[in-house]
Amino acid sequence: MNATLGFRVKSGWAGAVLLAGPVESPQLLDRRVVQLCDPAIPESKQPYHAKMGTLQTDEAKVDALRKVIVKAAQESVSELMKDFQSDDRQIRRANLAVGSDIDPARIANPHIRAHALEGRLFRTVLEDALGSHGLSCSIFVEREIYERGVAALNRSEKDLKQSLTRLGISLDGPWRADDKLACLAAWLALG
């Protein structure tokens, strides 16, 4: 069985969805949260923030936190792959949904730049961790992913959103917007 992964990348974590089946009628197999930081080191969730609203300018601190983040992402993705791969299931691709892909250097406001730097960092460490397991990734910006889904999956936006809602019914617990974005990213990887 072919399967794909979709992620909604956030600061310090990502929502992950495992999807299988033909692109016309995918089946949601699982979802979980993947840690991209070390909860025992709270600063690793926002490494570019020195304190609330202030950009971290100490590169040594950022480098140390970046190493923590890379290690956490590698360990989390390795655990995810171990749990999700099976003899009858081959994960062949992963896609990431992100909030923005703006170049942080173009942002004048230091606090907003810190968020952009963190967005880029968590996206790239997740992409690298997945690459170490042989998975290539495409990146989709949240504000564009439904438009891309409509074109790639040949469905109306309304039908696409209804289908994503139905896919989540089989799971325990809430099925949030971040879960749906991760699911749509995985669905686009099936195509």
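Residues are numbered from 1 along each chain as its sequence is written, and side-chain values use heavy atoms, with hydrogens and water left out. In this predicted model, local features need pLDDT of at least 70 and side-chain atom pairs count only at pLDDT 80 or more, while totals for chains, interfaces and linings use all residues.

Helices (H or I, at least four residues) and strands (E, at least two) are DSSP runs, numbered from the N terminus. Axes are lines fitted to C-alpha atoms, for helices over the stretch in contact, and angles run from 0 to 180 degrees between N-to-C directions. Helix H1 (residues 59-84) crosses helix H2 (residues 110-131) at roughly 45°, and the two axes come within 9 Å. H1 is therefore oblique to H2; angles under 35 degrees count as roughly parallel, over 145 as roughly antiparallel, 65 to 115 as roughly perpendicular and the rest as oblique. The crossing of H1 and H2 is right-handed (a crossing is left-handed if the near helix is turned anticlockwise from the far one by less than a right angle, and right-handed if clockwise). In contact, meaning heavy atoms within 4.5 Å, are Arg 66, Ile 69, Val 70, Ala 73, Gln 74 and Val 77 of H1 with Leu 121, Phe 122, Val 125, Leu 126, Asp 128, Ala 129 and Leu 130 of H2. By class, this contact of H1 with H2 comprises 10 nonpolar, 1 polar and 2 charged residues; Ala, Val, Leu, Ile, Met, Phe, Trp, Tyr, Cys and Pro count as nonpolar, Asp, Glu, Lys and Arg as charged, and the others, Gly among them, as polar.

Helix H3 (residues 142-153) packs against two further helices. With helix H4 (residues 157-167), the angle is about 100° and the axes are 9 Å apart, so H3 is roughly perpendicular to H4. Tyr 146, Gly 149, Val 150 and Leu 153 of H3 make this contact with Glu 157, Leu 160, Lys 161 and Leu 164 of H4. The residues of the contact of H3 with H4 are 5 nonpolar, 1 polar and 2 charged.

With helix H5 (residues 177-190), H3 packs at about 40°, the axes being 10 Å apart; H3 is therefore oblique to H5. The crossing of H3 and H5 is left-handed. On the H3 side the contact includes Glu 142, Ile 145, Tyr 146, Arg 148, Gly 149, Ala 152 and Leu 153, and on the H5 side Lys 180, Leu 181, Leu 184, Ala 185, Trp 187 and Leu 188. The contact of H3 with H5 divides into 9 nonpolar, 1 polar and 3 charged residues.

Pockets were located on a 1 Å grid over the protein atoms alone, a pocket being an open set of points where a 1.4 Å probe fits, with protein on both sides within 12 Å along at least five of seven lines; lining residues have an atom within 4 Å of a point. Of its 14 lining residues, Gly 99, Ser 100, His 115, Glu 118 and Gly 119 lie nearest the centre. H2 gives the most to this lining, with 6 residues, and strand S1 (2-9) supplies at least two. The lining of the largest pocket has 4 nonpolar, 5 polar and 5 charged residues.

Strand S4 (49-51) and H1 each supply at least two residues, and the largest share, 3 residues, comes from S4. This lining has 5 nonpolar, 4 polar and 3 charged residues.
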